[in-house]
Amino acid sequence: MAEPEVDALVERLRSLATDAERAKLERALAGRTETEVLGVRMGAVFALADEHLDLSREALRALLRRPEHEARVLALSVLGRRAKRLRPDDPQLRADADLYLAEHDRVVSWDLVDLAAPYLLGRLALGGDRADIEALAASDDPLRRRSALMAALTLVRRGETADAVRLAVGALGSGAEQLERTAGALLREVGKTDEALLVATLERHSGPMSAIALRFATERLEPAERARLRALRTA
């Protein structure tokens with residue numbers, strides 16, 4: 001049974017909480033009425049995750065289903081951190097990714113996505129298993145779509161840009177500001193690997209792009225090129 005272990009971990013988190021950190025996190029997570037904020041520094045949560053990288057999936061599922069934000073951070077940090085140790089074809093990586101996907105409704109904020117999606121789904125994608133990110137990209141849920149884009153970021157960092165460009169372009173025009181930022185940032189990262197591809201993509205798609213997506217996509221270009229591409233925007 002995972003329940004005693006999970007209860008002990010949540011009590012450990014409570015012991016690390018401070019009023020000052022709680023106030024800061026509550027401001028950052030304003031509007032997340034389904035989330036209880038304990039007030040633990042993220043560095044302390046990450047350190048606790050490093051101590052428990054062998055947590056069972058049963059325990060991780062239970063943590064994800066807790067109302068406390070830090071309990072979810074802990075679970076997702078364990079998933080993300082141990083994914084870095086696993087080969088793309090390791091069955092444990094597939095099983096951990098399945099847990100993440102099954103409990104995605106518990107991933108209720110952008111920061112939670114970033115703790116696990118790039119490593120779990122990104123490493124699977126490196127091994128050729130891209131069905132998950134394709135399904136997430138087709139979702140109406142902006143957080144699921146961010147999971148797809150953050151997984152694609154792992155591909156870009158290994159020099160694989162084609163799928164990332166396609167997914168980023170597909171996310172444009174979502175109307176969700178954070179997702180527009182993510183799509184623009186992913187294109188920016190593509191430009192670090194292949195600037196010509198970024199420029200060609202923006203020449204085709206700058207017209208209807210949101211201002212924020214275009215700003216993120218072009219921010220590392222030379223000033224004259226940045227200005228030229230931003231001037232193409234008509235939306």
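A salt bridge joins the side chains of Asp-96 and Arg-82, with an N to O distance of 2.8 Å. This pair links distant parts of the chain: Asp-96 belongs to helix α6 (residues 91-102) and Arg-82 to helix α5 (residues 69-83), 14 residues apart. Asp-96 and Arg-82 are both buried. The model is a predicted one, and its salt bridges come to 32 in number.

Two further pairs were examined. The side chains of Glu-189 and Arg-188 form a salt bridge at 3.1 Å, N to O, and both of these residues are buried. A salt bridge is also found between the side chains of Asp-89 and Arg-87, where the N to O distance is 3.3 Å. Asp-89 has a relative accessible area of 57% and is therefore classed as exposed, the threshold for that class being over 50%. Arg-87 likewise counts as exposed because its relative accessibility is 56%.

In general, side chains of opposite charge can pair when their charged atoms come close.

Arg-146 lies in helix α9, which spans residues 142-157. The relative accessible area of Arg-146 is 10%, so this residue is buried, the limit for burial being under 20%. Beyond residues up to four places away in sequence, Arg-146 touches Trp-110, Val-113 and Asp-114, and also Gln-178, Leu-179 and Thr-182.

The largest pocket has a volume of about 160 Å³. Its lining consists of Asp-114, Pro-118, Tyr-119, Arg-123, Leu-126, Met-150, Leu-153, Thr-154, Arg-157 and Arg-158. Two or more of the lining residues are given by each of the elements α7 (110-126) and α9. Helix α7 provides the largest share, with 5 residues. By class, the lining of the largest pocket comprises 5 nonpolar, 1 polar and 4 charged residues.

Terms used:
Residues numbered from 1 in each chain as written. Predicted model: local features only at pLDDT ≥ 70, side-chain atom pairs only at ≥ 80, totals over all residues. Heavy atoms only, no water. Helix = DSSP H or I, 4+ residues; strand = E, 2+ residues; numbered from the N terminus. Buried < 20%, exposed > 50% of the residue type's maximum accessible area, 1.4 Å probe, protein only. Contact = heavy atoms within 4.5 Å. Salt bridge = Lys/Arg side-chain N within 4 Å of Asp/Glu carboxyl O. 1 Å grid on protein atoms, 1.4 Å probe; cavity = no way out; pocket = protein on both sides within 12 Å on 5 of 7 lines; lining within 4 Å. Points joined across faces, edges and corners; volume = space filled by probe spheres on them. Nonpolar A, V, L, I, M, F, W, Y, C, P; charged D, E, K, R; others polar.
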